[in-house]
Amino acid sequence: MSLVATKFHEVDMFWWFTDNGLSPYRALGELMEEFENGWVETETNLSDGTWTVRFDYNSDTGMTPRESDGIGGDRAYEYQIHAEGPGEKSADYVFSPRWDEQRKPNGELMSRPWCGGEGLDIHIQGSYLSFEEYHYLLQKFIQILSNEAGLNISRRYFNRIRPDSKIATAERYVRLNREFAKKLVRSTGAFYKIMHLLAREKGTAWVYKGNNSDVVGKRHAFDLPTTSSKELINDHQYGKRAKCYHPKHVRSEESDDDPLSSPKFGVAFHSSIHGESVAWSNRDTLLRELDETVINVLQWAGIPTSPDSTVFVEDDHFEIRESKDSIGLFADPTPQLEAEQENLIMTVLQDISPSARSLMKTVAADGGEIHYQDIANKTDYSVSQIYRALEEVGDLFVNDNGLVRFYSEKIKQEITGTVERVENFVADGINTIARLANVETRSSADSAIQRWMDKYGVEFQEAACEADHGTLRFDIVLAIVTSFGAPDYQEVLKEGLDAWISAGRDPKAFANLRFEAREILGRSRNDGLVRREIHW
């Protein structure tokens, strides 16, 4: 399946070089001495256009040199290269000497990530360049500056980036036609669905920022901490931020002549969200996760993911072309997550104690978050009773060092809306499932049908006429084989038939149903008759 290629946006990383100790730093010092003003700026023509390169001191920083360093002065300075290229390409390199137990100019011990021993730390920040391009430009710029000074700094100083070097930020993006971008940010769009079901921790859960001040979707962003990333795509491990945004100065209308009139959709890794940086040796895994999140969120929003100029918009850096990387496609998890949380609510609320009911009412009344001591004060139950109530309601709530809150926004809204009528909740829920299945609630065996419908996000549309027997609507992507990254649609239908039969129902009635899926990968049609697809 042809998928659109993403483009690098911003990066922030620290490369460590230790093979030659402090020799690279000393070579940069010799280079700086060749420029009388303590800085130099030059232009150079590379394959992509003209670059302006400035080499100077990073005068705001520094560290106390050791006696053995032979530095005349009380400070070992950092050096920096600032380069600006065509479009908005940029690359900043800050060169810092490293050794154990470094101290600030005031004598205070420095606390910085470092692998140990002597070496050079290069802090890199920039835009619209790949990892490989930053490495190439580092060596190229030093070569250009050396030639201008009449020196020869060895390239080998900067050949081997230590595998334990650190990536703090990396973003990949595509640029979308406005109408397609709305599928991400509208109130029923993919962003809200994901946030609604996965957001659950203060500082991560509610970090959803939406701004429609100048245009719908000016800037919408939400954070996915590590646990949420795993729930979204099972084998993902890195915390991320997804965002859809326009430039600071929003264009009033979309124009074919101005790419910036169309918004970006990007997914970025941030160490602040993940909790730590990613090792340089894991960069390929990180980029795979970023690309898979971009492509799959687009797919779940119903946005085509093949290179298509009616969907995507080229800019100075992003090109509409086919990706050469292996990108996994996954079924939309939100219908299943929603069904699981609805089942959780129904299961917990079937038989709860008065103290648990008071707990729910109190948390709901306080906006979904309150300390357990305040719950005890407001309900007249003891702290131990509140803790037992928390155990009773299980996964509906999170207890974070005494701060009690709902597990997710969906659970918060469901319980807040039903807490005053909890006695009727279970009966209402079971009757709803019965209506969806177009059957009477006859026995516990019907729960097999319910579980199957919940698992695959199935809704039942009743027959429109006598010749019609009803339609099963799947709110997920299916496939002709599971290797396509989605459930096999025939296996899903067989599983539904088994559930139907286990409930004591006539298999013919199930076989006569129609089915429709959001998409069936590898199949020209997304609908059909059950009886023509499986043996019954």
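**Which residues in H10 meet which residues in H11?** Welcome to this set of close-ups of a predicted model. The legends start with that question and then move on to sheets, a pocket and a cavity.

**Figure 1. Helix H10 meets helix H11.** On the H10 side, the residues in contact are Tyr372, Gln373, Ile375, Ala376 and Thr379. Their counterparts in H11 are Val383, Ile386 and Tyr387. Sorted by class, the residues of this contact comprise six nonpolar, two polar and no charged. Two packed helices are described by the angle between their axes and the distance between the axes. For H10 and H11, the angle is about 110 degrees and the axes are 9 Å apart. Angles of 65 to 115 degrees count as roughly perpendicular, so H10 is roughly perpendicular to H11.

**Figure 2. Helix H9 meets helix H11.** Helix H9 covers residues 354–365 and helix H11 covers residues 383–393. Their axes come within 9 Å and cross at roughly 85 degrees. H9 and H11 are therefore roughly perpendicular to each other. To find the contact, look for Ser355, Ala356 and Leu359 in H9. They meet Gln385, Ala389, Leu390, Glu392 and Val393 in H11. The residues of this contact divide into five nonpolar, two polar and one charged.

Figure 3. Follow the open sheet in the order E13-E15-E14, where the pairing is antiparallel. Strand E13 (369–371) and strand E14 (397–400) each have a single partner strand, so one side of each is left without a neighbour in the sheet. From one strand to the next, the twist averages 25 degrees. E14 and strand E15 (residues 403–406) run antiparallel and are joined by four bridges. As a landmark, phenylalanine 397 stands opposite phenylalanine 406 in E15. H9 lies across E13, E14 and E15, and runs at about 85 degrees to E15. Helix H10 (residues 372–379) also packs on the sheet, where it touches E13 and E15. The direction of H10 makes about 85 degrees with that of E13.

Figure 4. How many residues form the hairpin link from E2 to E3? The hairpin joins these strands through two residues. Strand E2 spans residues 39–46 and strand E3 spans residues 49–63. They pair in the antiparallel sense over eight bridges.

**Figure 5. A sheet of four strands with mixed pairing.** This open sheet has the order E16-E17-E18-E19. Strand E16 (458–461) and strand E19 (527–529) stand at the edges, each with a single partner strand, so one side of each lacks a neighbour in the sheet. Ignoring direction, neighbouring strands are turned by 30 degrees against each other on average. Strand E17 (residues 471–479) and strand E18 (residues 514–521) pair in the parallel sense, over seven bridges. Threonine 471 stands opposite arginine 514 in E18. Helix H15 (residues 489–502) lies across E17 and E18, running at about 140 degrees to E17.

**Figure 6. The second largest pocket.** This pocket holds about 520 Å³ of space. Its lining has 23 residues, and Thr6, Lys7, Phe8, Arg172 and Arg321 lie nearest its centre. Strand E1 (7–17), helix H2 (131–149) and helix H7 (283–300) are the elements that give two or more residues to the lining. Which element gives the most to the lining? That is H7, with four residues. By class, the lining has six nonpolar, four polar and 13 charged residues.

**Figure 7. The second largest cavity.** Searching the whole structure turns up three cavities of 30 Å³ or more. In the second largest cavity there is about 50 Å³ of space. Phe17, Thr18, Asp19, Asn20 and Pro24 line this cavity, together with Arg156, Tyr157, Asn159 and Arg160. The lining residues divide into three nonpolar, three polar and three charged.

Terms used:
Residues are numbered from 1 along each chain as its sequence is written. This is a predicted model: local features need pLDDT of at least 70, side-chain atom pairs count only at pLDDT 80 or more; totals for chains, interfaces and linings use all residues. Side-chain values use heavy atoms; hydrogens and water are left out. On a 1 Å grid over the protein atoms alone, a cavity is a set of points where a 1.4 Å probe fits but cannot get out, and a pocket is an open set with protein on both sides within 12 Å along at least five of seven lines; lining residues have an atom within 4 Å of a point. Grid points are joined across faces, edges and corners, and a volume is the space filled by probe spheres set on the points. Ala, Val, Leu, Ile, Met, Phe, Trp, Tyr, Cys and Pro count as nonpolar, Asp, Glu, Lys and Arg as charged, and the others, Gly among them, as polar. Axes are lines fitted to C-alpha atoms, for helices over the stretch in contact, and angles run from 0 to 180 degrees between N-to-C directions. Angles under 35 degrees count as roughly parallel, over 145 as roughly antiparallel, 65 to 115 as roughly perpendicular and the rest as oblique. Contact means heavy atoms within 4.5 Å. Two strands pair if DSSP finds at least two bridges between them.
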